Amino acid sequence: MTDAKYDVLGIGNAIFDMLVQTDEGFLGRHGMTKGGMALIDEARATAIYADMGPATEMSGGSAANTIVGIANLGARAAYVGKVRDDQIGRLYTHDIRAAGVAFETAAAKDGPATGCSYILVTPDGERTMNTYLGAAQELMPGDIDAAQIAASHIIYLEGYLWDPKSAKEAFVKAATIAHGANRQVALTLSDSFCVDRYRDEFLDLMRKGTVDLVFANEAELHSLYQTSDFDTALKQLQSDTKLGVVTRSEKGCVVASKDGVVAVPAFPIQKLVDTTGAGDLFAAGFLFGLVRNAGYENAGRLGALGCGRSDPAYRRAAASLAEGSGEAERVAGVSSQRSTLPINSSCPGRSASSR
């Protein structure tokens, strides 16, 4: 295998995030399921925004959060996602490039506005997301650059994007190119509601070898195999994929491969502030460990370290994962040497000047 230009390339929904502290009453008034993610239309986006308090606004999206986390650790990262050529899309493009991520996907000239997610955080730190996908759904197979995919050690696919037919085609195209170049393909299941809708398709991707590595949390794993017994589901995951990583909140994570199961404890935190992006940053830490040849246990430790710092102050900053790559590498015991492993004009309901 030839050396790669990028350690990890992510493909996902390019979403501009708006986070607001709120209470249970707000969720009740708007009929929201606490802790979940709902897809909404432009009218509902406008209604939620009108009732929200002051928000923290930043470029986001699940795979984008992971890729920025990887770049913050000093790895070479790239991202593929669709925005519209509007004010929010230009802000998004600026932010992700400023984080050190290669982002070359051509913006849409017309059609839906750049996607936005309205994220409500209750006092217990739980996040509830309402996402207007907008232009993110317009990702096409033509947006996949074969040379860029072939030049990336790992391709990281976001389950949230497994909705539009064109995006599915883009995923399969990217995976085919990656495997042709002897690269690895990872998939995050994203949310149990995604699994409920696409269970058979996700299992097909795993069993046919379209994806090599699967990230899931406990709820997603139980949904995938329609069982409440964790050990039964984990054993099936071992059988269905080359490598499976399951996060278990305060219990840490387990890494399942054909060689066995490794359990890694959670990284301790003093106070739970906000769970937004915790799984995304877990994936960032784990993938960073993987491309640094740290081994599954140390990769799991890096993942636990990452999701322990998922509050907004760290989620998009260079300190997202343990104050930068030097500390992260010290904790995981990995080398800082770069690896050569073989393996409308604004968001609905938002004024253009309210950033």
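Reply: A nonpolar core is a set of buried Ala, Val, Leu, Ile, Met, Phe, Trp, Tyr and Cys residues joined through side-chain atoms within 4.5 Å, where buried means under 20% relative accessible area, exposed over 50%, and partly exposed in between, with a 1.4 Å probe and protein chains only. This is a predicted model, in which local features need pLDDT of at least 70 and side-chain atom pairs count only at pLDDT 80 or more, while totals for chains, interfaces and linings use all residues. Residues are numbered from 1 along each chain as its sequence is written, and side-chain values use heavy atoms, with hydrogens and water left out.

Me: Which residues of the largest nonpolar core touch the most other members?
Reply: The largest nonpolar core has 51 residues, and the element that gives the most to this core is helix H7 (residues 192-207), with eight residues. Helices (H or I, at least four residues) and strands (E, at least two) are DSSP runs, numbered from the N terminus. Apart from this core lies another one, of 39 residues, among them Ile70, Ala71, Val255 and Phe286. In the largest core, the residues that touch the most other members are Ile11, Ile149 and Phe202.

Me: How are H7 and H8 oriented to each other?
Reply: H7 and helix H8 (residues 218-225) pack with their axes 9 Å apart and at an angle of about 65 degrees, the axes being lines fitted to C-alpha atoms, for helices over the stretch in contact, with angles from 0 to 180 degrees between N-to-C directions. Angles under 35 degrees count as roughly parallel, over 145 as roughly antiparallel, 65 to 115 as roughly perpendicular and the rest as oblique. H7 and H8 are therefore roughly perpendicular.

Me: Which residues of H9 does H8 meet?
Reply: The axes of H8 and helix H9 (residues 230-240) come within 9 Å and cross at roughly 75 degrees, which makes H8 roughly perpendicular to H9. Contact means heavy atoms within 4.5 Å, and from H8 the residues Glu218, Leu221, His222 and Tyr225 take part. In H9 they meet Phe230, Ala233, Leu234, Gln236, Leu237 and Asp240.

Me: Why is H8 described as largely enclosed by the rest of the structure, and which residues of H8 are buried?
Reply: Seven of the eight residues of H8 are buried, so H8 is largely enclosed by the rest of the structure. These buried residues pack against H7, strand S11 (213-217), H9 and strand S12 (243-247). The buried residues are Glu218, Glu220, Leu221, His222, Ser223, Leu224 and Tyr225.

Me: Is Ser190 buried or exposed?
Reply: Ser190 is found in the loop between strand S10 (184-188) and H7, and has a positive phi of about 75 degrees although it is not a glycine. At 11% relative accessibility, Ser190 counts as buried.

Me: Is Asn293 buried or exposed?
Reply: Asn293 lies in the loop between helix H10 (278-291) and helix H11 (296-307), and its phi, near 60 degrees, is a positive value in a residue other than glycine. At 58% relative accessibility, Asn293 counts as exposed.

Me: Which residues is Asp85 in contact with, leaving aside its neighbours within four places in sequence?
Reply: Asp85 is found in the loop between strand S5 (77-80) and helix H4 (87-98), and at 34% relative accessibility it counts as partly exposed. The C-alpha atoms of Asp85 and Ala113, 28 residues apart along the chain, are separated by 8.4 Å. Leaving aside the neighbours within four places in sequence, Asp85 is in contact with Arg90, Ala107, Ala108 and Lys109.
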